[in-house]
Amino acid sequence: MKVFGVCPHDCPDTCGFITEVVDGRAINLTASPNHPITQGWLCAKVRPYLDFVYHPDRLKYPLKRAGPKGSGQFQRISWGEAVAEIGRRWRAIIAEYGAEAILPYSYSGTLGLAQMSVASGRFWNRLGASQLQRSICCAAAETAVNATLGVRHSQAYHEVKQSQLVIIWGHNPVSAAPHFMPHLAEARRNGAFVVVIDPRQTRTAKQADWHIAAKPAADAALALGMAHIILRQGWQDEAWLAAHTLGWPELRARLADYPPQRAAAITGVAAADIEKLAKLYAETRPGLIKIADGLQRYRNGGQTVRAILTLPAMTGQVGRRGGGLAYSASGYVQWDGEAVHKWAECPPPGRWVNMNRLGAALTGEADDPPIQSLYVFGANPAASSPNTSLIEKGLRRQDLFTVVHELFMTDTAVFADIVLPATSQLEQADLHKAYGHTVLAYNAPAIPPLGEAVSNWDVMRLLAAEMGFDESWLRQTADEVIAETLAATAVHNPLLQAITLADLKAKGFIELPVKRTPFADGRFPTPSGKVELFSQAMADAGIDPLPAYVPAPDDGGAPDKAQFPPDEALNLISGAAHHFVSSSFANQPGLLAREGEPFIEIHPQDAASRGIEQGDWVRVANGRGWCELKAKVTDDVRPGVAVSPKGRWGRLSGDGRHVNHTTSDALGDLAGQSAFHSNLVWIKRSEKRKT
Ligand SMILES: Nc1nc2c(c(=O)[nH]1)N[C@H]1C(S)=C(S)[C@@H](COP(=O)(O)OP(=O)(O)OC[C@H]3O[C@@H](n4cnc5c(=O)[nH]c(N)nc54)[C@H](O)[C@@H]3O)O[C@H]1N2
Ligand SMILES: Nc1nc2c(c(=O)[nH]1)N[C@H]1C(S)=C(S)[C@@H](COP(=O)(O)OP(=O)(O)OC[C@H]3O[C@@H](n4cnc5c(=O)[nH]c(N)nc54)[C@H](O)[C@@H]3O)O[C@H]1N2
Ligand code: SF4
Ligand SMILES: [Mo]
């Protein structure tokens, strides 16, 4: 038997795959040959997917804690016992503190409609739990793009072949969006010039015609410096600006603040190079600027994205084939909010907890009421969320009742009072839209659940029954949830109007009939109907309505200075690892072997001044915490910058720690965005660990 499936992981490519099943066991998993994005190949992470599904460490039964929190001592219990215990504890918490003392925490283990979106919505609203502000990844960029263009629409990957210039700005598609790369290669063969702007010489930068290693968090100054030059030279498209933008006169005045010398001082890019880049961008049409989310994980990330958007607007390239901005396609389909959350039937009581502040929230910041129970699924905050030391402190609280629903005994699950076993994508049904493209795809269950694993949505149904909730929308199967949401969304979204669940099941995937070039009609769903260079909505919210460069400080402070050499701090960037997806897969032996030991890249100058040699174990520390990593001395990073990819599990590292013990839980400038890379660290050779 062959079964159509969809990769559920947090990746814009949302690939199609086919599982071959014999006697209830998956024996082969291959790329969908005719999926328009996947085109017959899977990335290095998901090719060995059956090793992940059948990993001997898969959790197969519910567990109850049988030792101190975090000790990893558990005993097996039945599902009946687990659900009854959760109900008993929650009823007591609700009686004493109210349901808002319960916090659900989920994010990107799967991106499916039923198993993530609806499983994070309906039951929790019915319960009246605290709302989670889901801002760990892309909140600032989404808010910035929506405020400026009105919606997140992007051309298809293959349309890059129309571009003569491609600026990949703070994005590493070789690792993070691999199916874009063959199209970029073809664009280059057609003569396109490719620029990568990144403080690190990434795998993507190594393939570019020009790599510009700007300082971290300085991109707004680079973009506004380029805009200043374009204006000075009169290269802007005044007619387009007059017809299609709001706030050009105000922005024009603002650009006086960004002469090339100032932009050069902020960015560390020579003024001559900024001049050259501005000229290249203004003269090479069409020119595509492709961004993702890495470059906005700073305290100034929202303004950074607003500043970059001035460039396609000034040159009149928004809506031009092969030009404009490629960010995200997530705006084409927004699942009907009512079907997902049932907000009208169960209005949320109103307390929001920012997911980036989990440690702070658990240790007192959320005090009305205090959080007495945490329910984690599809997320691994003790590995992936910022300021892990504080999260661990919260998870150790004796009076916190923690439930973790997982496939593996993660850094988070090890702190749970109750662990519930989760199905993998091969064992559950779901519907997937993508944030990188517009193919909608259905994932059919291919094999029965391993052991007693249960899917996220099916656990919500069990918990609803335990809590005595009898709404029909808490009893539906995943397929019924999908059919209802699809139909409710189609009422207001013409792209879905002809599509049914039956079609999706029969075909596996359906390409949505989107227009080839976004904004080609010159219409923007902003309040003014124009590209909002000036945003009144932002002004009303007390935010600078014009793009600006604002510094992105880290006030986390230094570690005990007496123990560290007196050098300057380095700015530590912790973006995507090539062989993991966040912390997912970072326990797979084959992928761990390919990624190598947990490392930190530092520039030879910075290594020399600290007496650090190639391969030394180093201690990386600041006021929030520390971890030990192996030094890779390399000029792939600029002086003053260090790089250590995200995703490692403390449980699998010699020191029990990882890079998020150092990262900041301060919030960015828009929408409560995470600021992982606004992270100053001090580094010295490890006294304990030798190579
Ligand atoms: N292999 C792999 N793929 C992934 C993921 C993964 O963990 N591994 N994660 C997935 C997720 S959750 C997401 S959100 C996406 C993210 O996709 P991307 O945004 O492409 O990934 P990142 O590596 O976070 O960031 C991209 C680049 O931004 C650079 N950068 C950091 N700071 C700055 C800066 O100040 N200026 C500029 N110009 N560049 C900067 C980093 O060095 C990095 O190379 O990828 C998804 N895909
Ligand atoms: N230092 C640093 N940290 C970062 C970032 C960074 O740039 N730097 N980027 C951040 C970003 S962009 C993101 S999106 C977050 C992601 O952070 P998270 O959303 O926490 O993602 P993961 O760490 O991959 O953890 C997902 C967990 O879900 C589990 N899982 C998978 N499928 C299912 C399922 O169907 N059901 C259940 N119950 N569990 C499932 C997996 O086993 C895995 O343990 O990480 C952030 N962390
Ligand atoms: S992680 Fe991305 S590239 Fe790899 S199979 Fe999944 S969707 Fe495709
Ligand atoms: Mo993300």
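Colleague: Is C15 buried or exposed, and what is its relative accessible area?

Modeller: This is a predicted model, in which local features need pLDDT of at least 70, side-chain atom pairs count only at pLDDT 80 or more, and totals for chains, interfaces and linings use all residues; side-chain values use heavy atoms, with hydrogens and water left out. Residues are numbered from 1 along each chain as its sequence is written, while chains are lettered from A and ligands numbered from 1 in the order in which they are written. Buried means under 20% relative accessible area, exposed over 50%, and partly exposed in between (1.4 Å probe, protein chains only). C15 is accordingly buried, with a relative accessible area of 8%.

Colleague: With which serine side chain does the side chain of E628 make a polar contact?

Modeller: E628 is found in strand β25 (residues 626–633), where strands are DSSP runs (E, at least two residues) numbered from the N terminus. A polar contact is a pair of N or O atoms within 3.5 Å; within protein, one must be able to donate a hydrogen and the other to accept it, and residues adjacent in sequence count only if both atoms are side-chain atoms. The E628 side chain, in a residue buried at 5%, makes such a contact with the side chain of R619 (3.0 Å). The serine partner, at 3.0 Å, is S686.

Colleague: How much of the area of ligand 1 does the protein bury?

Modeller: Among the 32 residues around ligand 1 (a heavy atom within 4 Å), D219 and F580 are included in those that come nearest. A nitrogen atom of the ligand is 2.7 Å from a side-chain N or O atom of D219, and a nitrogen atom is 2.5 Å from a polar backbone atom of F580. Of the 910 Å² that ligand 1 exposes taken alone (Shrake-Rupley method, 1.4 Å probe), the protein buries 97%.

Colleague: From which domains does the shell around ligand 2 draw at least three residues each?

Modeller: S574 and S583 are included in the residues nearest to ligand 2. A nitrogen atom of the ligand is 2.6 Å from a polar backbone atom of S574. The domain bounds come from an automatic or database assignment, and the shell draws on domain 1 (63–137 + 335–424 + 449–489) and domain 3 (566–685).

Conventions:
Helix = DSSP H or I, 4+ residues; strand = E, 2+ residues; numbered from the N terminus.
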